[in-house]
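Let's take a walk through a protein model together. Keep the picture open beside you and look up each residue as we reach it.

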Amino acid sequence: MQLYLPIAELPVNMLLILGMGLAIGFISGMFGVGGGFLLTPLLIFIGIPPAIAVASVSGQIAASSLSGTLSYWRKNAVDPKLVGVLLIGSVIGTAGGVAAFSLLRREGQLDLFIALSYVTLLSGIGMLMVVESLRAIARSRSGEPPKLLPARDRRVGTGLPFVMHFPRSRITVSAIPVIAIGLGIGFLGSIMGIGGGFLLVPALVYLLRVSTAVVIGTSSLQTLVTMLMAVVFHAATNASVDVVLALLLMIGGVVGAQFGARTSLSMKGEELRLLLGLVVLAVGMRFLIDLVVRPDDPFSNTVLEWVVRA
Amino acid sequence: MSRIVIVILALLAVLPARAETMVTSLSTHRLQITSNFVGSEIVLFGSIERDAQTISRPGGYDLAVVVRGPRALMVTRQKTRVFGIWVNTDSRQFVEIPSFYALLSNKPAAALADRELLARQQIGVDAITAITPRLGPDPAATPAFRDALLRINRAKGLYRENPTGVTFLTPNLFRANIPVVPNTPVGSFEVDIFLMSGGVILARESTNFEVTKTGFEAFVANAARDHGVLYGLAAAMLALFTGWAASVVFRRD
């Protein structure tokens, strides 16, 4: 079933896009990540222009993170105060990312930047996840009880100015590292078309030492707001959000996420993390291969601007 | 104005033999893209009128129909290997390049006329002029960029030649099917019809058609272009609604 995309200006197979949304939604529900890091490359692979893929996926991530956020909110597992401070950084980061995106696109280096970011981030994070989860699996095999971290208030970077207390996350921390994390995630997220959950969760856990009870919910809310901003910024500066494409992805995504979440209940946490780590690593390797292998055609065409447009 | 000059020049050039005229008609002047658009076709009909004194052409008539899509500033980039990875290192911009080009004829372009005439009238993909304002660090490499531009657009189906695209129904009545590809650019298309015989242009007609989005597609595209912020807010609302609806439908707790 072919459907014409009004912004991408080409027909796509509707069932293919729905199916992709479903599959990525399944993975995102299973691992509790947005799945943008898989969806954006897939869309580019089937011929959607990168700018439109990145901008439209932002809409899909926002939709799927809202359903996640709502269910964590009901369980009281969100720290809105921490999200508020993170957002100070993300607003600037997202706006900067969208501006950098336009500039890189014009200069013809957007694809390279996206590929390099994917290779570095995905390989790095993927490797860390694989190693960490293999250790956890080995520990549980040897019958050693897992190290339980006592739930208590922690202090991080309190030497810096603007120290704040976040009672829900059980941390006391300077606002500077929090804003810096928000800035970085907002910037990368809007350029790479990812929600950044797989970056934010480790950052919250290992850098800020946020209580594990609120990590996923907080990351979910932060992703939701950042991606909503990214949609608006991309639409305003690049006119690259294809609502028809975004809606198809959203529908597939939210349905797939439900089944993914059910499947994940029957799996162990460290096994899930190992699988996710392998998936992340594989995507990173895929981008690395594209970068180093001689392309089929070293030349490419891009329309810079239309002379007369009716 | 320039068109009048061309017509006068053409008249002067072939005056003694010029007695043919053409009457042509397109099946539509406005092709509308709807949500189920997967490419389409516009049919051109034409008849060759000849007055009584005109001698009959020994080689018969040839027809070349040239279709050009909206023009654009295009850039062709070249990747080379830098520190082991492939990076865009060199590029050429080409001004006013047709985003779509099709030559429909009753025989291959090379058999219609000599290269000079084909180049002057821009008949055939290889005859498309590609002007680049800046030659870059290596001017000698520019032809390679021009070739790549044509080659890639051919591979995408945007530049095409069909040497059997014109059918003669009778010796004086012809039909050409103009393809509108699925990934067609949107805008105004020019159609130039050349009546030729023995490598000489006998008559020339021009017409045009419009490819536009319609209904919902047009509404979305216009909103995205003219009201970016509002469009973005609407897209954000759509995301919120879908996410909320999913959490209501699938709520288990």
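Predicted model: local features only at pLDDT ≥ 70, side-chain atom pairs only at ≥ 80, totals over all residues.

Residues are numbered from 1 along each chain as its sequence is written, while chains are lettered from A and ligands numbered from 1 in the order in which they are written.

Let's start with chain A. Chain A holds ten helices and six strands; here helices (H or I, at least four residues) and strands (E, at least two) are DSSP runs, numbered from the N terminus. The radius of gyration of chain A is 20 Å, close to the 19 Å that the globule rule gives for 310 residues, so chain A is as compact as a globular protein of that length. That radius is taken over C-alpha atoms, and the globule rule is 2.2 Å times the number of residues to the power 0.38. Along the principal axes, the C-alpha atoms of chain A fill a box of roughly 65 × 45 × 40 Å.

How much of chain A is buried? Buried residues make up 50% of its 310 residues. A residue is called buried if 20 or more other C-beta atoms lie within 10 Å of its own, exposed if 12 or fewer, and partly exposed in between, with C-beta atoms placed from the backbone. Among the contacts in chain A with a separation of 6 or more, 78% are between residues 24 or more positions apart.

A:S28 lies in helix α1 (residues 14–31) of chain A, and A:S28 counts as buried because it has 30 C-beta neighbours inside 10 Å. Leaving aside neighbours within four places in sequence, the contacts of A:S28 include A:V33, A:S64 and A:G253. Next, find A:T223 in helix α8 of chain A. A:T223 is buried, with 30 other C-beta atoms within 10 Å. Not counting residues up to four places away in sequence, A:T223 touches A:G34, A:I61, A:S65, A:G195, A:G196 and A:G197. Is A:S71 buried or partly exposed? A:S71 counts as partly exposed because it has 18 C-beta neighbours inside 10 Å. A:S71 and A:G217 are 146 residues apart in sequence, and their C-alpha atoms are 8.4 Å apart in space.

Now turn to chain B. Its domain assignment gives domain 1 (20–212) and domain 2 (214–253); such bounds come from an automatic or database domain assignment. The C-alpha centres of these two domains of chain B lie 39 Å apart, and their contact takes five residues from domain 1 and five residues from domain 2.

Strand β9 (residues 166–170) and strand β10 (residues 173–180) of chain B run antiparallel and are joined by four bridges; strands are said to pair if DSSP finds at least two bridges between them. A hairpin joins β9(B) to β10(B) through two residues, and B:V166 stands opposite B:A176 in β10(B).

How do the chains meet? The contact takes 59 residues from chain B and 52 residues from chain A. On the side of chain B that touches chain A, α6(B) gives the most, with 15 residues. That side has 30 nonpolar, 20 polar and nine charged residues, where Ala, Val, Leu, Ile, Met, Phe, Trp, Tyr, Cys and Pro count as nonpolar, Asp, Glu, Lys and Arg as charged, and the others, Gly among them, as polar. Strand β6 (residues 299–306) of chain A and β5(B) pair in the antiparallel sense over seven bridges, and the bridge partner of A:W306 in β5(B) is B:A72.

Finally, look inside. A nonpolar core is a set of buried Ala, Val, Leu, Ile, Met, Phe, Trp, Tyr and Cys residues joined through C-beta atoms within 7 Å. Of the 142 residues in the largest nonpolar core, A:A62, A:L228, A:V231 and B:V65 touch the most other members. Helix α8 (residues 212–238) of chain A gives this core its largest share, 14 residues.

Notes. Contact = placed C-beta atoms within 7 Å.
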